[in-house]
Amino acid sequence: MRAVYLTGPTIYLRALQADDKDVAMAWHQSPFPIDATRAEQILNEVHSDPWDSREWLLAIARLADDAVVGSVRIYFWRDEASVRVHTAPWVTDADAVQAEALRLVLPWLRDERERLLIELNLPADQPATLAAAEEAGFTARARLREYFARPGHRVDLVVYQWVHPIVEAAHA
Amino acid sequence: MRNPVMIGERLYLRPLEKEDAVELARYTAEETETFFDMGRTPVSPLAWERWITKLYTHEPGSAIHFAVCRKEDDRLIGTVGISSIDWINRVAETEAWLGGAENRGKGYGPEAKHLLLEYCFERIHLHMVYSWVWEPNFRSAAAVRRQGYRDAGRVKTLGRKEGRFRDALMFDLFRDEWLAARDAWRARQEAKS
């Protein structure tokens with residue numbers, strides 16, 4: 001069930017489905033483990049109504065073998081959207097996967113879904129992901145110091161936003 | 001005092017109880033200011049009761065809120081709390097709201113906030129806290145700066161006031177910055193008395 005409009009050079013985004021309960025740690029955006037039963041509950045909760053567009057959770061799948069390697073969670077609020085990207089704990093090129101996922105989802109939200117404001121909070125130590133946000137026209141507007149814990153050090157969180165030109169003009 | 005968690009000179013913080021819903025609804029109905037982008041809104045006691053009940057269903061949860069009460073008469077005068085708690089990275093967003101115009105301008109706000117920050121940094125050992133302030137709420141921005149918060153940036157919002165979109169200001173705060181601000185606040189209090 002590939003969506004042709006959300007396919008990149010090495011990955012594609014798709015809706016989650018029932019079988020994905022068996023690979024929950026690849027798409028569940030938490031470091032805490034869940035079993036297939038809990039994963040099934042979450043899938044049912046997230047997909048309880050096809051017309052409910054307050055929250056979407058999309059799988060990031062690899063084109064080469066269809067393996068789920070992460071997820072994109074999109075929260076909608078009024079004309080705004082916020083995006084969270086996650087990669088499976090075993091993925092070794094997380095920064096590259098996240099960057100490619102953002103190159104798919106951000107232009108789609110910006111140009112096709114016509115959101116007025118899109119927000120993205122990213123760790124400052126993922127250069128490819130940050131570059132993908134900036135390529136999509138996102139601007140770093142705030143920086144929270146030492147937000148993320150890393151082994152032996154901490155990393156800032158950067159708040160990126162894309163603002164529709166009509167809103168930007170009205171703000172001026 | 002009833003079930004206190006943090007105790008200050010004139011105020012204490014305790015868990016919110018379902019019975020507080022009526023007082024919180026009264027404060028929102030009487031609100032004189034428009035602090036937030038949704039403006040003033042009458043909120044049902046039923047909604048407050050459901051919110052309070054949900055607050056304590058997970059331990060630890062992703063949010064912790066306290067009733068702010070006066071020691072002299074146990075009267076509830078507002079709430080302070082943290083939300084979006086990230087227990088792995090040990091960061092959270094702080095929130096504060098004093099209800100009732102009669103409770104403002106008496107120094108209750110800073111005392112309640114310092115009790116909350118003491119809880120954040122010295123009880124549950126957060127590394128950093130942050131806060132959002134809607135730009136038109138300049139008094140809140142001045143207050144968080146006095147509490148030691150540093151400016152972290154300015155983000156766009158779709159909230160409007162007087163016909164135009166307004167920004168939100170972001171702030172962050174480490175423990176040492178808060179300790180310095182609390183010392184300065186205590187010195188000002190002593191100088192006043």
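This is a predicted model: local features need pLDDT of at least 70, side-chain atom pairs count only at pLDDT 80 or more; totals for chains, interfaces and linings use all residues.
**Close-up views of a two-chain model**

View 1. B:Thr28 is placed in helix α1 of chain B, which covers residues 21-29. Within this part of the chain, the side chain of B:Thr28 comes to 2.9 Å from the backbone oxygen of B:Ala25. When neighbours within four places in sequence are left aside, the residues in contact with B:Thr28 are B:Thr41, B:Val43, B:Trp48 and B:Trp97.

**View 2. The largest nonpolar core and the contacts of A:Ile74.** The largest nonpolar core comprises 47 residues, and A:Ile74, A:Val83 and A:Val105 are those with the most contacts inside it. Helix α3 of chain A, residues 94-112, provides the largest share of this core, namely 10 residues. Not counting residues up to four places away in sequence, A:Ile74 touches A:Val105, A:Trp108 and A:Leu109, as well as A:Arg54, A:Glu55, A:Trp56, A:Leu58, A:Ala81 and A:Ser82.

**View 3. Extent of the interface between chain A and chain B.** Chain A brings 25 residues to the contact and chain B brings 27 residues. The area buried between the two chains is about 2200 Å², with carbon and sulfur atoms giving 59% of it. On the side of chain A, the residues that lose the most area to chain B are A:Arg145, A:Tyr147 and A:His171, which together account for 34% of what that side buries.

**View 4. Salt bridges and polar contacts across the interface.** Between chain A and chain B there are 2 salt bridges, and 9 residue pairs are in polar contact. A:Arg145, one of the residues that lose the most area to chain B, forms a salt bridge with B:Asp172, in which the closest N and O atoms are 2.7 Å apart.

**View 5. Elements of chain A that face chain B.** At least two residues of the side of chain A that touches chain B are supplied by each of β5 (117-123), β6 (139-150), β7 (153-163) and α5 (165-171) of chain A. The most is given by β6(A), with 9 residues. By residue class, the side of chain A that touches chain B consists of 13 nonpolar, 10 charged and 2 polar residues.

Note on methods:
Residues are numbered from 1 along each chain as its sequence is written. Chains are lettered from A and ligands numbered from 1 in the order in which they are written. Side-chain values use heavy atoms; hydrogens and water are left out. A nonpolar core is a set of buried Ala, Val, Leu, Ile, Met, Phe, Trp, Tyr and Cys residues joined through side-chain atoms within 4.5 Å. Buried means under 20% relative accessible area, exposed over 50%, partly exposed in between (1.4 Å probe, protein chains only). Helices (H or I, at least four residues) and strands (E, at least two) are DSSP runs, numbered from the N terminus. Contact means heavy atoms within 4.5 Å. Buried area is the accessible area (1.4 Å probe) that two parts lose on being put together, summed over both. A salt bridge is a side-chain nitrogen of Lys or Arg within 4 Å of a carboxyl oxygen of Asp or Glu. A polar contact is a pair of N or O atoms within 3.5 Å; within protein, one must be able to donate a hydrogen and the other to accept it, and residues adjacent in sequence count only if both atoms are side-chain atoms. Ala, Val, Leu, Ile, Met, Phe, Trp, Tyr, Cys and Pro count as nonpolar, Asp, Glu, Lys and Arg as charged, and the others, Gly among them, as polar.
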